[in-house]
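Here's a quick briefing on one protein chain. Have a look at the sequence and the model, then read on.

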Amino acid sequence: MVRLHNKTAVITGGTSGIGFETAKQFVAEGARVIITGQDEQRLHTAAQALNSQVIPVLADVRSLSQLDNLAARVKSEFGSLDILFANAGVGFFAALEAMDETLYDNQFDINVKGVFFTVQKLSGLLNPGASVILNASSVNEKGMAMGSVYCATKAAVRSLARNLAAELGNRQIRVNAISPGLIPTDFQTKMGLSPEALENFGDYIKQTVPLGRFGKPEEIAAAVVFLASDESSYITAADLVVDGGYMNV
C-alpha cells in the first residue's frame, strides 16, 4: 500500500536535486504535490518530467508576497495541506575576509527567513497530524573552514525545527529536520568553490564518511518520505541525519 495515499504536499525548491527526487517519491507513494522554484522554465520542465500530478508554482521563498500567493494556490488546489517540505536552500563557502554583506544576506534570507516564512504562511492550511520537514544539513553542529555563514544558517534551521515543533504540537503537527551529508547535485556547483577546491572537498568528505561514499538524492528523499508518512507519527522536533555517519564518528 502506498504510504502517502491522498495526502497533499508542498515541496519548495523542487526543480532539481533532493527536492525533485522527493517529489518523484511522493507521487509514487500516492501524494498530490505542488513544487516551487524561482526559474519558470526550470519549474515547468521539472513538473513535466514528474508527470501531470505535480503542480508547478513560481515562488521565491525570500518574497513574502510570493509565499502568500503560494498559500492561496495551495488553498485553491488542495483546500488543506498534509505535508510541507521546506527544502529550498543555498550555500556559499568563502573565507572570513571574503564574505560580503550580499552573500551573507542571501544565505540567511533563503535558508532561514525563507524557511520560517514558508512555514508561517502555510501553517493555517496544515491539517491535524500534518508533517513539516525542514532541510537542514549534517554540518549544523560542525565547524568548517570557509563555511561559517552556511553552517550558521543550517544550525538556525535545526533550531527552528525544535521551536516550531513545540509551537505546533498542540495541533498535532509534527516538525522535524532532515540533515543530509554531501549529496552530489547542482547545489555543489553553486558553493563558490573552484572545480579543484570542490574536488578536494569531496575527497576529504569521502575519507571521513564511514561508508566511504557520497549519498544519493534518492536516499535523502526516502528519509523525507518516512518523516512525511504516518510511520513517523510519534516523531517530532528530531533531526534525522542522513550522512553516512559523517557527523557521528
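Helices (H or I, at least four residues) and strands (E, at least two) are DSSP runs, numbered from the N terminus. This is a predicted model, where local features need pLDDT of at least 70 and side-chain atom pairs count only at pLDDT 80 or more, while totals for chains, interfaces and linings use all residues. Residues are numbered from 1 along each chain as its sequence is written, and side-chain values use heavy atoms, leaving out hydrogens and water.

**Asp239 and its contacts**
- You'll find Asp239 in strand 7 (residues 239-242).
- Its side chain makes polar contacts (a pair of N or O atoms within 3.5 Å; within protein, one must be able to donate a hydrogen and the other to accept it, and residues adjacent in sequence count only if both atoms are side-chain atoms).
- Another links the Asp239 side chain to that of Asn140, at 3.2 Å.
- Leaving aside residues up to four places away in sequence, Asp239 touches Asn140, Arg158, Ala177, Ile178 and Ser179 (contact means heavy atoms within 4.5 Å).

**Strand 1 and its partners**
- In strand 1 (residues 8-11), Thr8 and Val10 point one way, Ala9 and Ile11 the other, and all are buried (under 20% relative accessible area, with exposed over 50% and partly exposed in between; 1.4 Å probe, protein chains only).
- Strand 1 runs parallel to strand 2 (residues 32-37), joined by four bridges (two strands pair if DSSP finds at least two bridges between them).
- Ala9 has Val33 as its bridge partner in strand 2.
- Three bridges join strand 1 to strand 4 (residues 81-86), also parallel, where Ala9 stands opposite Ile83.
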